[in-house]
Amino acid sequence: MVMDQTVVSDKGKLKATLKGELYTSPVVFELEKEHIFDKSWVFVGFEYEVAEPGRYITTKVQNENILIVRGKDNVLRAFLNACRHRGATLCSDPCGKTGLIRCPYHSWSYGLDGSLLGVPNTSECREELVNNENYSLEPVHLQIWHGMIWLNLSENPLPVEQQLDTQIFDRFGELATFSRYQIQHLKVAHRKEYEVAANWKLIVENFQECYHCSAIHPELTATLPEFRSGIGTQNSTGGGAKFNDELEAFSLSGKGNRPKLKGLLPEDDRLYYGITILPLVFINLTPDHVIIHRILPISPEKSKVICEWLFDPEEMEKPDFNSADAVELFHRVNMQDFEACEWCQENMGSRAYKNGGILVPIEQHVSKFYNYVLESIGMKGE
């Protein structure tokens, strides 16, 4: 299949979007998996979830089942969650604690460092198998960034900071502001999953612009009045949105008396920041909590989004702690955004969108994302 993915030339004050085929084509989706998802650092969880030796979590990245486990030497490692004998899944539970990784099928056992330790009823070849690196669990690159666990499926990935710190610097012009929120010291108080009938790129470009905010986000624009102008926090380097003067907190009711997160300065108060971490993560910073989205692309026209609300664990332990009001605000924003993405996905295969659409000046920063996608999959300038 040969596709012409040349983007329509920019004319005057308008810029072109991607063509509709890039949101529906299985060929393009496979290119994205190979050249974007499989080569990027992917956020999968939090270090506090596996803080003790023997603690593990399981996840899936693309088509690979992954096991993340804290070793007896206190080192956090990731492995393909597949027995080297016949390929059975080793750990099916989403999380747990163990002293030994044992295959449920034939009872081959592995140490927490991935080494093969036991192979029952194989005396004639046991020495050939045990402690042989060829039969150890297949490792996956893992790095911690601000308390978050990131995995990379490629053979020789660049350091995680090269992908992530670069984007934080582009967003703020420095790294200090982001670091002050100390995500590594926060914990998840609430988690929601959304099934979205839309291509992952529609979700990303929607988050990056606020041209739609006055039309579909009444609760958000009531909280952040400047969003009614169509200018969001990602239109410029360092941009943050101020709360409505009549509100106390970033919550549906506008009420809240939680203290600021411990690392914040006075100038960080009553501000919201939205951050896109390409390819698949959004981070939202507020004075008393942080919201993190991660997209799991399912197919060209389907995605899953996991959204987590993080708070100071000391606040979470207080008897009067209640995150519902804060959660409900961005849950409504999520539902509104994802419905809008689905409106668009319905017509990505239409002849009306064969050559794509346009970006007006207020949303043209999204074109950087388009360039990132096209360059990554080798279609830039074709």
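Strand E7 is joined by two bridges to strand E8 (residues 109–110), and the two run antiparallel. Strands here are DSSP runs of E with at least two residues, helices are runs of H or I with at least four, and both are numbered from the N terminus; two strands pair if DSSP finds at least two bridges between them. The model is a predicted one, so to speak of local features takes a pLDDT of at least 70 and side-chain atom pairs count only at pLDDT 80 or more, while totals for chains, interfaces and linings use all residues. Residues are numbered from 1 along each chain as its sequence is written, and side-chain values use heavy atoms, with hydrogens and water left out.

The open sheet has three strands in the order E7-E8-E9, with antiparallel pairing. Its edges are E7 (101–102) and E9 (116–118), each of which pairs on one side only.

A cavity is a set of points, on a 1 Å grid over the protein atoms alone, where a 1.4 Å probe fits but cannot get out, and lining residues have an atom within 4 Å of a point. Grid points are joined across faces, edges and corners, and the volume is the space filled by probe spheres set on the points.

The largest cavity comes out at about 170 Å³. Of its 19 lining residues, Phe207, Glu209, Cys213, Phe227 and Tyr272 are the closest to the centre. Helix H5 (200–208), strand E14 (271–277) and helix H9 (324–345) are the elements that give two or more residues to this lining. By type, the lining splits into eight nonpolar, nine polar and two charged residues (Ala, Val, Leu, Ile, Met, Phe, Trp, Tyr, Cys and Pro count as nonpolar, Asp, Glu, Lys and Arg as charged, and the others, Gly among them, as polar).

The second largest cavity holds about 50 Å³ of space. Its lining includes Ile203, Asn206, Phe207 and Phe282, along with His293, Phe330, Asn334, Asp337 and Phe338. H5 and H9 each supply at least two of the lining residues, and H9 has the largest share, with four. Five of the lining residues are nonpolar, three polar and one charged.

H5 and H9 also pack at an angle of about 130°, their axes 9 Å apart (axes are lines fitted to C-alpha atoms, for helices over the stretch in contact, and angles run from 0 to 180 degrees between N-to-C directions). The two helices are therefore oblique to each other, since angles under 35 degrees count as roughly parallel, over 145 as roughly antiparallel, 65 to 115 as roughly perpendicular and the rest as oblique.

Key:
1 Å grid on protein atoms, 1.4 Å probe; cavity = no way out; pocket = protein on both sides within 12 Å on 5 of 7 lines; lining within 4 Å.
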